[in-house]
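Colleague: I have just opened this model. Could you take me through the labels and what backs them?

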Amino acid sequence: MNDKQHTIKAPVTVSGIGLHTGVQATMTFCPAPVNHGYKFQRVDLPGQPIVDADVDNVVDLSRGTTIEQNGARVNTVEHTLAALVGLQIDNVLIQLDGPEPPIMDGSSYEFIKPLMEVGLEEQNALRNYFEIPDEIRYVDNARAVEIAGLPLNSYRLTVMVDYNSPVLGSQHASLTHIDQFTSEIASSRTFCFLHELEALYKSNLIKGGDLSNAIVVVDRVVSDEELGDLATMLGKPKVAVKKEGILNNVDLRYKNEPARHKLLDLVGDLALVGRPLKGQILAARPGHAANVAFAKRIKKKMMEAHTSPVPAYDPAREPVMDINKIAATLPHRYPFLLIDKIIHLDATTVTGVKNVTFNEPFFPGHFPGNPVMPGVLQIEAMAQTGGILVLSTVPDPENYWTYFLGIENCRFRRMVKPGDTILFKCELTAPIKRGIAKMSGKAYVNGKVVMEAEMSASIVKKN
């Protein structure tokens with residue numbers, strides 16, 4: 001599994017009509033920087049406002065998931081977001097010149113195709129997964145809906161739907177790994193029952209609905225007169241019913257296409273938690289309202305975990321920078337290059353790893369018989385970690401030096417000894433101005449703070 005963040009190599013555009021608004025729109029997926037996530041931009045509105053794909057921005061769930069922020073609204077986002085999650089794209093700005101993404105063929109595949117053609121670009125940061133730590137459950141007894149999230153070191157989803165319909169019956173769909181989304185789930189189209197069509201139409205929804213972008217399930221006998229009314233409503237000269245109960249003889253792509261589409265919707269709605277997920281999701285009779293309620297429970301758990309400042313470290317994960325990349329960025333060399341890995345790097349934060357061994361050159365002379373890592377070298381290791389963060393803000397880091405300007409409020413909390421692994425976390429406390437960077441730093445061993453300090457440094461271009 002590649003744990004690096006990804007964006008796309010170049011902008012890519014799709015156009016079409018919105019399912020519920022019936023408004024023609026052009027949507028452009030644009031590359032975005034590390035930790036940007038998914039954001040929509042309404043380029044047709046004054047100021048071109050941004051709408052974060054965030055569960056807290058959901059404002060409407062009538063037959064789709066609608067988000068709103070900064071006075072801008074985006075309808076029916078779930079198929080677009082599902083495509084991005086399915087391709088494991090982390091950072092994209094989605095520019096839209098209308099109120100709703102194009103429905104295309106009613107699935108996610110017409111978004112996936114152009115995204116795959118333009119290609120993905122690996123970014124120099126690790127994915128910030130949220131791993132479901134223990135069972136998260138949502139139940140709506142009135143609708144017989146239940147969704148559960150369980151711990152798992154992967155992303156696996158299973159959906160069961162039961163519409164009490166002789167046409168559909170009970171159906172299941174599963175995704176054992178997100179890599180399978182494109183081939184197994186993405187092309188499954190949206191659907192509704194015939195008895196829902198008229199109600200949706202009267203509710204001013206499905207203005208862009210068409211038999212080319214939705215499956216209509218006919219679950220009762222329909223008279224010729226009703227078929228005529230349907231044809232008028234859908235703007236068709238004629239509609240027919242296939243004997244298995246699908247309007248206008250549309251062939252299903254899978255026997256369980258409706259269940260697969262419900263899984264697609266679930267993937268898209270859960271993207272609104274704002275981070276890629278690891279866990280097993282089991283959903284019985286899900287819908288947008290339940291999906292979003294469940295996503296809110298995940299986000300609540302995520303925010304509770306976020307209050308802990310201790311950075312997570314999995315030695316098995318590929319680092320953002322190994323020792324070779326660190327050496328290519330920093331001028332330090334043995335015995336003064338004190339960082340082994342960088343495991344997190346974004347616009348304001350960096351986390352470095354130092355494995356302390358008895359072979360360090362300073363141990364023979366520092367408290368022989370009672371080896372303790374000198375505090376000044378802990379500060380130096382933290383400064384080198386912070387130097388990586390500062391140098392990441394300039395286009396050609398090899399052409400710059402970073403120099404310490406000051407250390408304040410430095411405290412040593414615990415001794416660091418051979419065998420310890422130190423995690424250094426540095427965070428900018430203000431934007432870098434005139435080449436001056438200010439940051440706070442903490443060092444952790446086994447989840448406990450061993451040292452902390454506030455530092456300032458200067459970026460100076462080499463002659």
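**Labels and their grounds**

Modeller: Start with His366, which is partly exposed, at a relative accessible area of 23%.

Colleague: Why is His366 called partly exposed?

Modeller: Buried means under 20% relative accessible area, exposed over 50%, partly exposed in between (1.4 Å probe, protein chains only). His366 has 23%, so it falls in between. A word on the source: this is a predicted model, where local features need pLDDT of at least 70 and side-chain atom pairs count only at pLDDT 80 or more, while totals for chains, interfaces and linings use all residues. Residues are numbered from 1 along each chain as its sequence is written, and side-chain values use heavy atoms, without hydrogens and water.

Colleague: What makes His288 buried?

Modeller: The relative accessible area of His288 is 12%. That is under 20%, so His288 counts as buried.

Colleague: How do you know that His288 and His366 carry the feature "active site"?

Modeller: That comes from UniProt, in an unreviewed entry. Such annotations may be inferred rather than shown by experiment.

Colleague: Why do β6 and β7 count as paired?

Modeller: Pairing requires at least two bridges found by DSSP. β6 and β7 have two bridges, in the antiparallel sense, so they pair.

How values were computed: Helices (H or I, at least four residues) and strands (E, at least two) are DSSP runs, numbered from the N terminus.
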